[in-house]
Amino acid sequence: MSTKKRYAHEWRESWEKVDTIRNAMRKYPNAEWFWWLDLNTFIMEPTYSLQSHIFSDLTKTTYRDINIYNPLNIAHPPNASYLDEITRSPVGDGLVSSINLIVPQDCGGFNLGSFLVRRSAWTDRLLDIWWDPVSYEQKHMEWEHKEQDALEYIYTNQPWVRSHLAFIPQRLCNSFPPGACGDKGDDPNIHYQENDRDFVVNMAGCEWGRDCWGEMYNYRQLSNKLNRSRWEKFKGWFSERKERREDNKENTEHPG
């Protein structure tokens with residue numbers, strides 16, 4: 001929170017991500033991966049393990065070629081003749097060990113409500129460039145989505161970034177509620193699916209005409225319901241059955 005206060009200026013809001021990640025890396029020197037979550041996200045399935053849900057097989061849970069889903073129509077891979085073969089490959093070197101940043105995309109491009117970053121020399125370099133004060137002063141008026149637009153700009157214009165960045169299907173770590181990327185909430189690639197027990201819901205854009213904490217409360221209630229123990233489910237079933245029986249009895253005694 002003390003870091004966030006330094007970014008309270010209108011144009012600097014949400015730029016605290018870089019400082020916060022660096023602070024976390026200093027505080028936990030033995031940790032390899034760091035997971036950023038925005039304040040308006042809710043973990044629907046607290047029993048899920050990040051290891052089993054994402055990290056156990058990054059070749060299946062991530063993709064390197066942005067052309068698989070490319071809402072920004074970024075030309076990929078870069079094809080300048082002076083670049084090496086790995087940089088000009090759509091999937092980099094294809095090795096899991098070279099992935100240092102995992103980002104979901106929504107209907108408008110990169111979404112940093114929930115993303116994962118690995119400790120590495122590459123990451124240190126990226127964080128330096130991402131929050132370069134000169135770039136910020138020159139471009140921040142153009143970057144409507146602030147730090148997200150900045151990362152998209154770096155990805156588009158700095159070929160060395162692409163071979164270490166992987167994308168993750170949005171619903172694996174950053175599902176949206178109805179109202180974000182479509183009022184109906186019917187895009188199976190983007191919107192929360194109760195039957196699939198999606199991991200996280202991000203109330204993206206709720207501050208623009210929606211009720212952030214109302215949405216959070218509703219998803220919290222749903223999560224509590226979905227994650228009830230067997231005993232809690234039995235008590236709920238028994239209580240509902242008792243209520244139905246009492247309603248039927250009242251209707252029988254007082255017909256019409």
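Predicted model: local features only at pLDDT ≥ 70, side-chain atom pairs only at ≥ 80, totals over all residues.
Residues are numbered from 1 along each chain as its sequence is written, and side-chain values use heavy atoms, with hydrogens and water left out.

A search of the whole structure finds two disulfides, a disulfide being a pair of cysteine sulfur atoms within 2.5 Å. One of them links Cys107 and Cys181, with the sulfur atoms 2.0 Å apart. This link is left-handed, with -85° about the S-S bond. Cys107 lies in the loop between strand 3 (101-106) and strand 4 (109-110), and Cys181 in the loop between strand 6 (165-168) and strand 7 (200-202), so the pair ties together parts that are 74 residues apart in sequence. Helices (H or I, at least four residues) and strands (E, at least two) are DSSP runs numbered from the N terminus. Cys107 counts as partly exposed at 41% relative accessibility, and Cys181 is also partly exposed, at 25%. Here buried means under 20% relative accessible area, exposed over 50%, and partly exposed in between (1.4 Å probe, protein chains only).

The other disulfide joins Cys206 to Cys212, with an S to S distance of 2.0 Å. The torsion about its S-S bond is about 100°, so this disulfide is right-handed. Cys206 is buried, at 0% relative accessibility, and Cys212 is buried at 17%. Cys173 likewise counts as buried, with a relative accessibility of 1%.

The secondary structure of the protein chain comes to 11 helices and seven strands. Of its 256 residues, 43% count as buried. Among contacts (heavy atoms within 4.5 Å) between residues at least 6 apart in sequence, 69% join residues at least 24 apart.

Helix 8 is mostly covered, eight of its 11 residues being buried. These buried residues are Glu147, Gln148, Asp149, Ala150, Leu151, Glu152, Ile154 and Tyr155. They pack against helix 2, strand 3, strand 4, helix 6, helix 9 (159-162) and strand 6.

Two packed helices are described by the angle between their axes and the distance between the axes. Helix 6 (residues 121-130) and helix 8 (residues 147-157) pack at an angle of about 120°, with their axes 10 Å apart. Axes are lines fitted to C-alpha atoms, for helices over the stretch in contact, and angles run from 0 to 180 degrees between N-to-C directions. Helix 6 and helix 8 are therefore oblique to each other; angles under 35 degrees count as roughly parallel, over 145 as roughly antiparallel, 65 to 115 as roughly perpendicular and the rest as oblique. On the helix 6 side, Leu126, Ile129 and Trp130 meet Glu147, Ala150, Leu151 and Ile154 of helix 8. By class, this contact has six nonpolar, no polar and one charged residues. Ala, Val, Leu, Ile, Met, Phe, Trp, Tyr, Cys and Pro count as nonpolar, Asp, Glu, Lys and Arg as charged, and the others, Gly among them, as polar.

Glu16 is placed in the loop between helix 1 (2-5) and helix 2 (17-27). At 7% relative accessibility, Glu16 counts as buried. The C-alpha atoms of Glu16 and Trp131 are separated by 9.3 Å, the two residues being 115 residues apart along the chain.
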